[in-house]
Amino acid sequence: MTVASDTEVRWGILGVGDVCEVKSAPAMQRVPDSRIAAVMRRNGDKAADYARRHGVPAWYDDADDLLADPSVNAVYVATPPGAHCELALRAAAAGKPVYVEKPMARTHDECRQMLRACDAAGVPLYVAYYRRALPQFVAIRALLDAGRIGEVRHVKVDMNQALVPELVRQAGSDWRVDPEIAGGGYFHDLASHQFDLLDFLLGPINEARGYTANQAGAYAADDIVTAAFAFESGVLGSGSWCFTAAPASAVDRTTIVGSHGEIRFATFGDGRFEVDTDGAGTEVLEYPVPAHIQEPLIACVVDALLGRGDCPSTGATGARASLVMDRICAG
């Protein structure tokens, strides 16, 4: 089911928090044949304020009221992960297509529940893994497909971040380090993007294992993860994520090594990446990062819902990233 019988996608947003200020929701007002029809937040004053500032005609403080709004023909679940599964199921029951924030859910089991509900209701499910549509990563995939670095052998993910003192003070109120809400800690928040991106670039990962620990004890979630994984294609991978490292050790680097070169990029970078090939030295390529970073993917979702294109980030692809993280965190 799409909304192809309509001439536009009219979004209802569940949970208009920080991600809706710049990254996502403004793009829904910019993409052709797309607009926000209603927003919801449990705090009605904040919902009303968002609607006023962003020119949205309706606001609610109850999810069911938004889902019942006949002007809404697609739903964006923009809450923290702990509510993704429940709200996606309710949107599917209302017969409305779903676009859900990442990570898709806290666990792969919740992802499977969402997929089953949307399949049963005949509504599509998309996930906000927007790097699949960003120009620099589309370009990297094209280089890999063209054999620019030869046959891919392995990939290495390195991420170190310093422990932010403010986070320690606010750990009790930061959902990103509350496993009950986020499914884990910053690994779930950030590595979910990385594993989904690797799936986009190199295909599905079919094996993964890892080690996790809470070394600093600053919050409840694990603060360090190491992992090894294997792709269906035979490519091997490894990674380490430390969120209590020395500031001088800070890094966000993924290296894809091939038989004739390598590609290096930052998942959360500025649109630049490096290509090294045999005898040709290092080439630095740079692509613009959209002001509203989800806009290219949202344009794909709108095209898919209106029956005029496809979206590269679906519930099926998004669930695979959650399965990889589940396997790594299981040890």
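Buried means under 20% relative accessible area, exposed means over 50%, and partly exposed lies in between, using a 1.4 Å probe and protein chains only. Phe 187, for example, counts as buried because its relative accessibility is 2%. You are looking at a predicted model, in which local features need pLDDT of at least 70, side-chain atom pairs count only at pLDDT 80 or more, and totals for chains, interfaces and linings use all residues. Residues are numbered from 1 along each chain as its sequence is written, and side-chain values use heavy atoms, with hydrogens and water left out. Helices (H or I, at least four residues) and strands (E, at least two) are DSSP runs, numbered from the N terminus.

**The nonpolar core**

- A nonpolar core here is a set of buried Ala, Val, Leu, Ile, Met, Phe, Trp, Tyr and Cys residues joined through side-chain atoms within 4.5 Å.
- The largest one has 106 residues, and those touching the most other members are Trp 11, Ile 13, Tyr 99, Phe 195, Leu 202 and Trp 241.
- Helix α9 (residues 186-202) gives the most to this core, contributing 10 residues.
- As background, nonpolar side chains in soluble globular proteins tend to be buried together.
- Contact means heavy atoms within 4.5 Å.
- Beyond its neighbours within four places in sequence, Phe 195 is in contact with Phe 187, Ile 205, Phe 229, Trp 241, Ala 321, Val 324, Met 325 and Ile 328.

**Aromatic pairs**

- Rings of Phe, Tyr and Trp (its six-membered ring) pair if their centres lie within 6.5 Å; planes under 30 degrees apart count as stacked, over 60 as edge-to-face and the rest as tilted.
- The structure holds 10 aromatic pairs.
- Phe 187 and Phe 195 make an edge-to-face pair, because their ring centres are 6.3 Å apart and their planes stand at 75 degrees.
- Phe 229 and Phe 231 are also paired edge-to-face, with 6.0 Å centre to centre and 70 degrees between the planes.
- Phe 195 is buried at 2% relative accessibility, Phe 229 is buried at 4%, and Phe 231 is buried at 3%.
- Ring pairs join Phe 187, Phe 195, Phe 229, Phe 231 and Trp 241 into a cluster.

**Helix α2**

- In helix α2 (residues 44-54), the buried residues are Gly 44, Ala 47, Tyr 50 and Ala 51.
- Viewed down the axis of α2, these residues fall within an arc of 125 degrees, so they line one face of the helix; the arc is that of the directions from the helix axis to the C-beta atoms.
- Asp 45 and Arg 52, on the other side of α2, are exposed.
- The buried residues of α2 pack against α1 (25-30), β2 (34-40) and β3 (58-60).
- At the start of α2, a side-chain oxygen of Asn 43 comes to within 3.0 Å of the backbone nitrogen of Asp 45.
- Gly 55 follows α2 and has a positive phi, near 65 degrees.

- Strand β11 (residues 251-258) is mostly covered, with six of its eight residues buried.
- Two strands pair if DSSP finds at least two bridges between them.
- Strand β7 (residues 152-162) runs antiparallel to β11 and is joined to it by eight bridges; Met 159 has Asp 252 in β11 as its bridge partner.
- Strand β12 (residues 261-265) is also antiparallel to β11, with five bridges joining them.
- Val 257 stands opposite Glu 262 in β12.
- Between β11 and β12, which form a hairpin, there are two residues.

Terms used
A polar contact is a pair of N or O atoms within 3.5 Å; within protein, one must be able to donate a hydrogen and the other to accept it, and residues adjacent in sequence count only if both atoms are side-chain atoms.
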